[in-house]
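Me: I would like to go through this model with you, starting with the chain interfaces. Please keep the answers plain.

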Number of protein chains: 4
Amino acid sequence: MNRIPVGVLGATGTVGQRFVQLLAEHPWFEVAVVTGSDRTVGRPYGEGVNWLMPGRVPARTAELIVQPTDTDLDLPGNPPVVFSALPTGEAKEWEPRFAAAGYAVVTNTSVFRMNPTVPLLIPEINPDHTCLIPTQRAENNWPGFIVASPNCSTTSAILPLKVFQEAFGVEAAMITTLQAISGAGYPGVSSMDIYDNVVPYIGGEDEKLENEPTKLLGDVRDGRMIRAGIAVSAQANRVPVVDGHLASVSVRLGRRATPDEAIAALRDWRPPAICAQLPSSPQELLIYRDEPDRPQPRRDRDAGDGLAWTVGKVRACPVLDVRYVALTHNTLRGAASGALLNAELLAVQGYIGN
Amino acid sequence: MNRIPVGVLGATGTVGQRFVQLLAEHPWFEVAVVTGSDRTVGRPYGEGVNWLMPGRVPARTAELIVQPTDTDLDLPGNPPVVFSALPTGEAKEWEPRFAAAGYAVVTNTSVFRMNPTVPLLIPEINPDHTCLIPTQRAENNWPGFIVASPNCSTTSAILPLKVFQEAFGVEAAMITTLQAISGAGYPGVSSMDIYDNVVPYIGGEDEKLENEPTKLLGDVRDGRMIRAGIAVSAQANRVPVVDGHLASVSVRLGRRATPDEAIAALRDWRPPAICAQLPSSPQELLIYRDEPDRPQPRRDRDAGDGLAWTVGKVRACPVLDVRYVALTHNTLRGAASGALLNAELLAVQGYIGN
Amino acid sequence: MNRIPVGVLGATGTVGQRFVQLLAEHPWFEVAVVTGSDRTVGRPYGEGVNWLMPGRVPARTAELIVQPTDTDLDLPGNPPVVFSALPTGEAKEWEPRFAAAGYAVVTNTSVFRMNPTVPLLIPEINPDHTCLIPTQRAENNWPGFIVASPNCSTTSAILPLKVFQEAFGVEAAMITTLQAISGAGYPGVSSMDIYDNVVPYIGGEDEKLENEPTKLLGDVRDGRMIRAGIAVSAQANRVPVVDGHLASVSVRLGRRATPDEAIAALRDWRPPAICAQLPSSPQELLIYRDEPDRPQPRRDRDAGDGLAWTVGKVRACPVLDVRYVALTHNTLRGAASGALLNAELLAVQGYIGN
Amino acid sequence: MNRIPVGVLGATGTVGQRFVQLLAEHPWFEVAVVTGSDRTVGRPYGEGVNWLMPGRVPARTAELIVQPTDTDLDLPGNPPVVFSALPTGEAKEWEPRFAAAGYAVVTNTSVFRMNPTVPLLIPEINPDHTCLIPTQRAENNWPGFIVASPNCSTTSAILPLKVFQEAFGVEAAMITTLQAISGAGYPGVSSMDIYDNVVPYIGGEDEKLENEPTKLLGDVRDGRMIRAGIAVSAQANRVPVVDGHLASVSVRLGRRATPDEAIAALRDWRPPAICAQLPSSPQELLIYRDEPDRPQPRRDRDAGDGLAWTVGKVRACPVLDVRYVALTHNTLRGAASGALLNAELLAVQGYIGN
């Protein structure tokens, strides 16, 4: 079976490396092109990259010559598919150019997430939002398109909100996150800032946490994005943990529910049927744990190969209605694997592939 | 000037050691008696203790022979004063016996904190609550009495709530804490549980956080405790930090206030006048920092010799009214130093000393 | 193909849990019996165990009823095979009893490691030492036998010593280890002892490091153990790392060798041919890395599924002859997986199985 | 009493900040001039600096306007005194220029440490090495001069070597260090490199550890430096500890000594008499601890206000003669405080001041 050749834009950064690592074993996609910074262009990827992932650079990708980030990539496909792990400034410039040049851009960057015609996607939550793609193409007069995945902190908190929205309605959420250092990339957080310490600030993160859920939980009607009317208050904290974002959330529901009803809703919830066709979507997507001290980053981040949500501590909230704690792996579900799932969804829905 | 001789109950544990360390340099008190477990009774304190504080055992205390915990201590004073750092089970048994035997019991334990006639004290917040002492004595027919200090997590969150209560009224608070490992004593938290990890659970802590503020911010009228009508929702997390509890708090105020008004209230607030007489109360009690990334445990815990609150990040809350982040040193302000301040207050108010 | 049923003694502790986890997916062995402490005896393993491994208790083992540790286990086999993860005191008592009762005891404990007739085994280093088994049986009049695996710290340092011994001879070694907290089990090291700290002491570890290499690198002649004449000086340190022991070693060689010759010896070395038959032995057993800052625990411990040695920094030593740094995963190669490999070796050599 | 006005070159970096903090409370010196990078020149120090020390910028220094680093500082004194915390490249350029312009340059940088006429000083170890200053002046035709302090890792290991050299002679030393992250400055070590990890490499550190002791323990005869004939083999490791470098050392002595004799030598050793006149030199300079698990960074780094050596674990070495473990605070004794002590020595010896 032929795999779909894809490009990775910004392949030498940490998110780009993660794409390369994950794609090396992907059943549907294979890396055919990598782009990188001036420093690395023209060199074999295996030599140019400062590989920070476990193990070695995948052999086939290691031999690819790093290309400059430009829209004339030698990449087949209709449309050709690129994963974007570009730095923010470059993403802003290049992602629209790639869409204008006919590429399907599956991005992990934040630049166009809140653009009303760019689907902000988690396949298990809002797979139907891809129906924004025709609107996006029409409005921009693009042969290609952009789809985005949400911020890693938003991701950690979102799935129980989705479940509660379906079951009870959600009016407001108070989110406090405890986020891992890997979320800041490399070199990222100075050890002098985070060792024996907590930093109650991650630039721009509170805003993302307050905005992205309303889009993820919104509706697309007549090709237009209708954001959900949910008030979100967020406080993001950086904690000395390598991987795994934990979100402590309190929710005001549309209609009252007991903790037992909330737990039952979580246990009974099933993702949309289309997810069964996505090879990366884990069998057990939402793991509810009864222990009072779970989820925990080190012990739960790798559940479902880093793609599951682990949820626990559902209980009544004396101020709003119900509280919970949720956790996901920030560089897998919250970043590269999440974007890969988006590409799988696009393939199943026929937006990419043959 | 003669210092008041005091006893330390449970002097060989970590809180007891902290009492011993702090009292060694205290201008008003000096350690005259130490009690300990069977293992250490009869030995010089300096030999029996597994000293975990920085530096060495204070020389004079090191020579004291550890006594069994019993009410026949050879301790002068009217009343004689003991600081209790007993384990919970022993505190439950012995603190009332000491009060019944005529001692002033200044406790750091949790057992009697919510007892309606036991003052739960932070001198800078509710120094007048000591007027519960006569009620306590009368109801129990005790010549002595017990005063308690709050849990270290409650302490970290409370001062801005007090300020806002005075300025605007407080109706509800949502508190998420990030707490240091030293709060669990020694050996306390296993390194395998907390390294590269966060634990969203500390036994009993959420309940303390939800109850104690209503007592600290309540009124005593006619010798009776009237708790404040504040709904509190709490989620305590253990994080890999040695010292310093950080509280992320969102508040529903009695009347609307802008973040600027809230910041002004914090900056303008002054502790009750009596605090100027307490040698341990820091000059600058509430430090408001404008930087978006403060307070931080490692950088702010030692402010005011570990007795100040550092507060920051006051801003509007999209769900309730106003948010803030506050931090205190959990083993100083939140434990031993806090209890010591209570004793200083009792001395100024004439409940102890000559 | 039928798998060999095995028992796990002390299956509820951390090493025992690791055995259970690894055996769940082993091609040759399957867990048929688990023994545990009084607290857990009579309960299904899945309920009695406080599972600390990633993921969930393997389903088939979870249903086994925990047995008391005794030699009347309902375990077929000629001899029946048990893996011992018993606490030291129990190992001392029970391992000889099991051998006397006809069991093959594959132990990870330290008690009989230095016993002259007990093979101290790393299959890739001294597979021929199993020829001590007949001596052991004869001397003790045992139908069964005991084989041991070395301490996790010894393991981390040993493979390059073996290579150098073969290539140049080894006269002396100075070993300084930086050891992970998981080596101390659970709860093991208090977070208050190791956070923002290093402890230059692990009880008994220096002695093990100074003794075990002389046995591993020794010869068996005429059924007798001849220890290697190597002087070892060791200093074990505990560092705040979850998994992975790093050993910094300087060696006096039997004959001079340049660093390049030493590196070539490491790169060219191949394990004994029998190792190709052991399913757990990694394809690339000794990974030499040229980077000046490798090996590193977090980045290299999982090489070869936690069974490879990563070695680096070979250079001339101004005091002895040559220096190197080596790393292994302490709970895999250095403990449970190492013992499992010993059982695989015994099976290939015909000491166990049918 | 008038304090000697001094300048701090590179005052906005982490070492420069430490100088500023320590000098704010120094009995003999006061900061009169601060120099900094282009970004900060012309602004008040308190505004230009990104203050990373505990507490606030000392008030008087905060008001000083940052000057460019140049030799026309408005600084009285004969000679005027500057502390250099310049980056390496700038130190190489500017320190000789300042000496040529008549300044006494007390540097913490590495550039000229091994220059044969620059005293490499620890006052308690080799105060007489300042007699190189006339040679230095003559050779370079400088009215001023440079004195240097050793690398923080060298410092941690050196004092017991000095003691043993005096008592028994020292022929060789094998040094393995476990070094704190603060040694790399700010931002310094990426948290992704050191969290749950150890890095067996610090650029240039092994060479410094192998060279500097031979100079510190050498003699000055006829104005010429004679380095000690000691072979040193070093392996520097970075560990996840905030402050405090630990050195594990094995020594070949000139004449055999038992561990007890070595311990007695350490306990009986006293620093040169001149050290009694240095206000920063701690009363108890060398603290020998009997516990098998000391010294430890977090528990011992602050001994003697961060200026004492804590030493332990003296025992026989099976390969060389005797082993020990030593610890100092790397940013205090090992950096800024050490340089300050050098200035105190120069004042007592009459090289600076009036």
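Me: How much area do chain D and chain A bury between them?
Reply: In this predicted model, chain D and chain A bury about 1400 Å² between them, 67% of it on carbon and sulfur atoms. Buried area here is the accessible area (1.4 Å probe) that two parts lose on being put together, summed over both.

Me: Before we go on, what are the ground rules for numbering and confidence?
Reply: Residues are numbered from 1 along each chain as its sequence is written, and chains are lettered from A and ligands numbered from 1 in the order in which they are written. As the model is predicted, local features need pLDDT of at least 70 and side-chain atom pairs count only at pLDDT 80 or more, while totals for chains, interfaces and linings use all residues; side-chain values use heavy atoms, with hydrogens and water left out.

Me: On to chain A and chain B. How many residues are in contact there?
Reply: 49 residues of chain A are in contact with 49 residues of chain B. The two chains bury about 3800 Å² between them, 55% of it on carbon and sulfur atoms. In chain A, Asp196(A), Arg298(A) and Val319(A) lose the most area to chain B, together 17% of what that side buries.

Me: And how many salt bridges does the rule find across chain A and chain B?
Reply: The rule finds 6 salt bridges across that interface. Asp193(B) forms a salt bridge with Arg299(A), and their closest N and O atoms are 2.9 Å apart.

Me: Now helix packing. At what angle do helix 6 and helix 9 of chain A pack?
Reply: Helix 6 (residues 152-168) and helix 9 (residues 259-268) of chain A pack at an angle of about 110°, with their axes 9 Å apart. That makes helix 6 of chain A roughly perpendicular to helix 9 of chain A. Angles under 35 degrees count as roughly parallel, over 145 as roughly antiparallel, 65 to 115 as roughly perpendicular and the rest as oblique. Axes are lines fitted to C-alpha atoms, for helices over the stretch in contact, and angles run from 0 to 180 degrees between N-to-C directions. Helices (H or I, at least four residues) and strands (E, at least two) are DSSP runs, numbered from the N terminus.

Me: Which residues make that contact between helix 6 and helix 9 of chain A?
Reply: Helix 6 of chain A contributes Pro160(A), Val163(A), Phe164(A), Ala167(A) and Phe168(A), and helix 9 of chain A contributes Glu261(A), Ala262(A), Ala265(A) and Leu266(A).

Me: What about helix 6 and helix 8 in chain D: at what angle do the axes cross?
Reply: The axes of helix 6 (residues 152-168) and helix 8 (residues 205-216) of chain D come within 9 Å and cross at roughly 50°. That makes helix 6 of chain D oblique to helix 8 of chain D. Among the residues in the contact are Cys152(D) and Ile158(D) of helix 6 and Leu209(D) and Pro213(D) of helix 8.

Me: And in chain C, how do helix 1 and helix 11 cross?
Reply: The axes of helix 1 (residues 14-23) and helix 11 (residues 332-349) of chain C come within 10 Å and cross at roughly 55°. Helix 1 of chain C and helix 11 of chain C are therefore oblique to each other.

Me: Changing topic to the backbone: is the peptide bond from Asn78(C) to Pro79(C) cis or trans?
Reply: The bond from Asn78(C) to Pro79(C) is cis, with omega near 0°. Pro79(C) lies in the loop between strand 3 (67-68) and strand 4 (81-84) of chain C. In chain D, the bond from Arg294(D) to Pro295(D) is cis, with omega near 5°, and Pro295(D) is in the loop between strand 12 (286-289) and helix 10 (297-300).

Me: Is the phi of Asp305(B) positive or negative?
Reply: Asp305(B) has a positive phi of about 55° although it is not a glycine. This residue is in the loop between helix 10 (297-300) and strand 13 (309-316) of chain B.

Key:
Contact = heavy atoms within 4.5 Å. Salt bridge = Lys/Arg side-chain N within 4 Å of Asp/Glu carboxyl O.
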